[in-house]
Amino acid sequence: MSVHSPLADSPRHGFMPGYLETLSLVERLHRLLLDVIKDEFERVGVLDINAVQALLLFNIGDNEVTAGELKSRGYYQGSNVSYNLKKLVEMGYMHHQRCEIDRRSVRVRLTPKGREVRDVVTGLFARHAEGLEGKGVLGPDGIDQVNHSLKRMERFWTDQIRYIY
């Protein structure tokens, strides 16, 4: 018995392999980014923090935020962000303070130790940007095209979540 795919009848059935390759690349690039960050922290001798936590500190930057704000920005899932924020506070990378208005909510910001981690990630990304452009891997137009395409996919997927039901 063969399984019939509705895509086989579509004049655009050739799109599916490219889409699946894109999905695979996005997944692999994210894992690779975490490996690159992990290697950088091993190189500089910071071993008590993982790549996800370092990226979280980078994304928070100079802001004071709640876990809910990080989740709503689309960076993290709720349980993951709460766990990592708690660990980062315990390790001295972040300050936390209960909100005066909503006592259930906790606002966090980087400590000087957390800003050092953020600066390591910033330096790593600056070297990457310089290398990508300097070696001709991607120029300003190429990176703009990549970002434009990924933002369009992000909007499409967001619409699928919001309007599927």
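D35 counts as partly exposed, at 41% relative accessibility, where partly exposed lies between buried (under 20% relative accessible area) and exposed (over 50%), computed with a 1.4 Å probe on protein chains only. The model is predicted, so that local features need pLDDT of at least 70 and side-chain atom pairs count only at pLDDT 80 or more, whereas totals for chains, interfaces and linings use all residues. Residues are numbered from 1 along each chain as its sequence is written, and side-chain values use heavy atoms, with hydrogens and water left out. D35 is placed in helix α1 (residues 15–43). The C-alpha atoms of D35 and A51 are separated by 7.3 Å, the two residues being 16 apart along the chain.

The protein chain contains six helices and three strands. Helices (H or I, at least four residues) and strands (E, at least two) are DSSP runs, numbered from the N terminus. The order along the sequence is α-α-β-α-α-β-β-α-α. The protein chain has 165 residues, of which 22% count as buried.

Helix α2 (residues 51–60) and helix α5 (residues 112–134) have axes that come within 8 Å and cross at roughly 90°. Axes are lines fitted to C-alpha atoms, for helices over the stretch in contact, and angles run from 0 to 180 degrees between N-to-C directions. The two helices α2 and α5 are therefore roughly perpendicular to each other, a term for angles of 65 to 115 degrees, with under 35 counted as roughly parallel, over 145 as roughly antiparallel and the rest as oblique. On the α2 side, A54, L55, L57 and F58 meet G114, V117, R118, V121, T122 and F125 of α5. By class, this contact of α2 with α5 has seven nonpolar, two polar and one charged residues. Ala, Val, Leu, Ile, Met, Phe, Trp, Tyr, Cys and Pro count as nonpolar, Asp, Glu, Lys and Arg as charged, and the others, Gly among them, as polar.

A salt bridge is a side-chain nitrogen of Lys or Arg within 4 Å of a carboxyl oxygen of Asp or Glu. The count by this rule comes to twelve salt bridges. One of them joins R107 and E64, whose closest N and O atoms are 3.3 Å apart. This pair links distant parts of the chain, with R107 in strand β3 (residues 106–110) and E64 in the loop between α2 and β1 (65–66), 43 residues apart. R107 counts as partly exposed at 23% relative accessibility, as does E64 at 37%.

The side chains of K87 and E90 also meet in a salt bridge, at 3.7 Å from N to O. Both residues, K87 and E90, lie in helix α4 (residues 78–90), three residues apart, about one turn of the helix. K87 is partly exposed at 30% relative accessibility.

A further salt bridge brings together the side chains of K38 and D39, with an N to O distance of 3.8 Å. K38 is partly exposed at 38% relative accessibility, and D39 is partly exposed with a relative accessible area of 44%. K38, D39 and E42 are linked in a network of salt bridges.

Methods:
Contact = heavy atoms within 4.5 Å.
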